[in-house]
Amino acid sequence: MRGEYKVPGGKLVVVDVETEDGRLSRVALSGDFFLEPDEALGDIVAAVTGMSVNADAPQLGKAITDALGDGVAMIGFTPESVGIAIRRALGHATGWYDHTFDVIGPVVLDPAMHVALDEVITREVASGERGPTLRFWDWDSPLVVIGSFQSVRNEVDEDAAARHGIGIVRRISGGGAMFMEPGNCITYSLSVPTSLVDGLSFERSYEFLDQWVMGALADVGIKARYVPINDIVSEHGKIGGAAQKRFVAGAVLHHVTMSYDIDADKMTEVLRIGREKISDKGITSSGKRVDPMRSQTGMSRAEIIGAFVAHFRTRYDTRPSEYTDAELAAARELVETKFTTDAWTRRVQ
């Protein structure tokens, strides 16, 4: 059984394993990584041979760490990455190429519907009713979407929001507030089975799930990189950020919002953004717009989204999809019974 894992920003780890009586009876490790001294390869293999086939990636990684001396240098890979490759070989973990992804292009909806669809779609992925799904948002009205653990009164000037006709909705993932007017951002949601991030910490899974969009950004002329925990930045500053929610039922929601062309004056009027927070949003003076995607590409928002979809489709196995009537009905019910209620929106004071 073979498993492969490409370390984000690092090298490829490949393992071939055999099992006997519920344990790893043979492990062969290879890849384009660097390892010094050479004999450490045998120490790594010996450390995991005999371990339970049910050991998780951190347990496998710890066994390797404990077996290696201080003078061993693992370059381009880690003990944990070997554990992830072993988990994939055993069928406990999956890779991008093990899945066919449903891709749903932009559909104009009330933005609160997209917040609700995050929950509906990801629960369906967890239950197996829908395959892993990449979907792009489009919306017809302004909204502030706050993180699951943020306080409305600390994050939003409600009088200013009301004056501009901007609603407030709390999403199910953590992170910061999203200032969303029609056409000002590029937002997508990726709903995947937990097996895709098996063995990865929350922090590492952000980088792993953002890998494809770095290539998509390069396609439109932006040289970008991931900055822990959840930021995507270019040479000219921050482009956007990600947020995540893991469902116990077996799925992960990972969504990203990138600034296309934001009215900075209105945003700073509506959001309570202090000097420290504003320092990474590309705002240096009054009257400026936050427009890294528009100014750096010279492309329309629709063209950029089209390029993102095309990149994802050439990279992975995909099929076009759309929202079902049942999904839209379930999302509407959640909007009414959860996402627009004070009990949910103001659950953090």
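Which residue just after α3 takes a positive phi? G91 does, with a phi of about 85°. The points below take up other features of the model.

1. Basis. The structure is a predicted model, in which local features need pLDDT of at least 70, side-chain atom pairs count only at pLDDT 80 or more, and totals for chains, interfaces and linings use all residues. Residues are numbered from 1 along each chain as its sequence is written, and side-chain values use heavy atoms, with hydrogens and water left out.

2. Helix α3. Helices (DSSP runs of H or I, at least four residues) and strands (runs of E, at least two) are numbered from the N terminus. Helix α3 covers residues 79-89, and eleven of its eleven residues are buried. Buried means under 20% relative accessible area, exposed over 50%, and partly exposed in between, with a 1.4 Å probe and protein chains only.

3. Helix α12. This helix spans residues 325-339, which makes 15 residues, and reaches 19 Å from its first C-alpha to its last. That is close to the expected 21 Å, the expected span being 1.5 Å times one less than the number of residues. Its buried residues are E327, L328, A331, L334, V335, K338 and F339. Seen down the axis of α12, they fall within an arc of 125°, so they line one face of the helix; the arc is that of the directions from the helix axis to the C-beta atoms. On the other side, D325, A326, E333, E336 and T337 are exposed.

4. Packing of α12. The buried residues of α12 pack against β6 (100-109), α4 (111-127), β9 (167-170) and α13 (342-345). Contact here means heavy atoms within 4.5 Å.

5. Pairing of β6. Two strands pair if DSSP finds at least two bridges between them. Strand β6 runs parallel to strand β18 (residues 317-320), with four bridges joining them, and T100 stands opposite D317 in β18. Strand β6 also pairs with strand β7 (residues 133-139), again in the parallel sense, over six bridges. Within that pairing, L109 has W139 of β7 as its bridge partner.

6. The β12-β13 hairpin. Strands β12 (residues 224-227) and β13 (residues 231-234) are antiparallel and share four bridges. Three residues lie between the two strands of this hairpin. V227 has D231 in β13 as its bridge partner.

7. Salt bridges. The whole structure has 18 salt bridges, each defined as a side-chain nitrogen of Lys or Arg within 4 Å of a carboxyl oxygen of Asp or Glu. E119 and R123 form one of them, with their closest N and O atoms 3.3 Å apart. These two residues are four apart in helix α4, which places them about one helical turn from each other. E119 is buried at 8% relative accessibility, whereas R123 is partly exposed at 45%.

8. E158 and R346 meet in a salt bridge at 2.5 Å, N to O. The pair links distant parts of the chain: E158 belongs to helix α6 (residues 158-163) and R346 to the segment after α13, 188 residues away. E158 is partly exposed, with a relative accessible area of 30%, and R346 is partly exposed at 31%. Separately, salt bridges that share partners join D102, E124, R130, R319 and E327 into one network. One of its links is the salt bridge between R130 and E124, at 3.7 Å from N to O; both of these residues are buried.

9. D210. Leaving aside residues up to four places away in sequence, D210 touches Y188, Y226, I232, A242, H254 and V256.

10. D265. This residue lies in helix α8 (residues 264-270) and is partly exposed, with a relative accessible area of 32%. D265 and G240 are 25 residues apart in sequence and 18 Å apart in space, C-alpha to C-alpha.
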